[in-house]
Amino acid sequence: MELHDLIRRFSATPEDQGKAVFQSIFLIGNRLQTLFDGHIPEITLKQFLLLALLRQAPQGLTLTQLGGLLGCSRQNVKKLAEALQKKGFASVQRNPADARAFCVALTEKARQYFRTVFPPYQEELKALFQIYTEEELAQLFRLVMKLYQGVEQLEAKTKEQS
């Protein structure tokens with residue numbers, strides 16, 4: 001079966017289109033992870049995403065905060081952060097405001113990585129979205145942000161049922 005066969009099969013109804021979008025999110029994610037894991041030096045795509053979140057934060061973030069942003073458990077974030085710490089990209093330290101919490105922060109090596117090593121991959125990211133007009137990209141952005149709302153509603157519903 002080819003991708004265009006799947007697209008045709010799932011294009012008939014809004015329900016089928018929703019199923020196709022859901023499946024596509026994972027398929028696209030897997031393909032992007034394979035692409036970037038295969039040639040980003042020193043770190044995996046998931047490790048890069050954690051660093052990118054830290055880069056946007058004015059100060060370090062706790063493991064819990066990072067888990068919420070990445071949509072994974074605190075334990076998974078801890079493993080990512082510890083791997084990055086071993087490579088010299090992040091520091092993991094107790095939060096001075098709460099001794100039970102650990103904070104993760106960028107190191108100078110990570111900042112240097114973003115300045116020197118990562119620019120070619122930023123170009124690849126730009127290339128990924130070159131197929132869109134500015135209007136289409138803005139619409140895609142709005143729709144993905146709206147998808148976050150749907151995920152949050154589903155999470156809230158799941159918590160209520162627990």
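Predicted model: local features only at pLDDT ≥ 70, side-chain atom pairs only at ≥ 80, totals over all residues.
The side chains of E108 and R115 meet in a salt bridge, with N and O 2.7 Å apart. How exposed are the two partners? E108 is partly exposed, because its relative accessible area is 46%. R115 also counts as partly exposed, at 48% relative accessibility.

How many salt bridges does the structure hold? It holds five. Another one links R100 to D98. Here the closest N and O atoms are 3.1 Å apart. R100 has 69% relative accessibility, so R100 counts as exposed. D98 is partly exposed, with a relative accessible area of 25%.

A further salt bridge joins K126 and E123. Their closest N and O atoms are 3.4 Å apart. Where do these two residues lie? Both sit in helix α7, which covers residues 119-128. They are three residues apart, and that is about one turn of the helix. K126 is exposed, because its relative accessible area of 51% is over the 50% cut-off. E123 is partly exposed, with a relative accessible area of 46%.

Q93 stands opposite C103 in β3. V92 has V104 in β3 as its bridge partner. As background, side chains in a regular strand alternate between the two faces of the sheet.

Stay in β2 for one more residue. N95 lies in this strand, which spans residues 90-95. Is N95 buried or exposed? Its relative accessibility is 16%, so N95 counts as buried; the cut-off for buried is under 20%. What does N95 touch? Leaving out residues up to four places away in sequence, N95 touches T62, A101, F102 and C103.

The next stop is the interior. In soluble globular proteins, nonpolar side chains tend to be buried together. In this model, the largest nonpolar core has 26 residues. Which members touch the most other members? They are I43, L50, L51 and V104. Several elements each supply at least two residues of this core: α3 (45-56), α4 (63-70), α5 (74-87), β2, β3 (98-106) and α6 (108-116). The largest share comes from α3, with five residues.

Set aside the neighbours within four places in sequence. L50 is then in contact with L66, L70, V77, L80, A81, L84 and V104. One of these contacts is V104, the bridge partner of V92. V104 is also among the residues that touch the most other core members.

Now move to helix α6, where F114 lies. F114 counts as buried, because its relative accessibility is 5%. Which residues does F114 contact, beyond its neighbours within four places in sequence? They are F48, L51, A52, R55 and P119. Pick out F48 from this list. F114 and F48 are 66 residues apart in sequence. In space, their C-alpha atoms are 9.9 Å apart.

Two helices, α2 (14-37) and α8 (134-161), each supply at least two of its residues. Helix α2 gives the most, with four residues. L147 lies in helix α8. L147 counts as partly exposed, because its relative accessibility is 40%.

Notes:
Residues numbered from 1 in each chain as written. Heavy atoms only, no water. Buried < 20%, exposed > 50% of the residue type's maximum accessible area, 1.4 Å probe, protein only. Contact = heavy atoms within 4.5 Å. Core = buried A, V, L, I, M, F, W, Y, C linked by side-chain atoms within 4.5 Å. Pairing = 2+ DSSP bridges. Salt bridge = Lys/Arg side-chain N within 4 Å of Asp/Glu carboxyl O.
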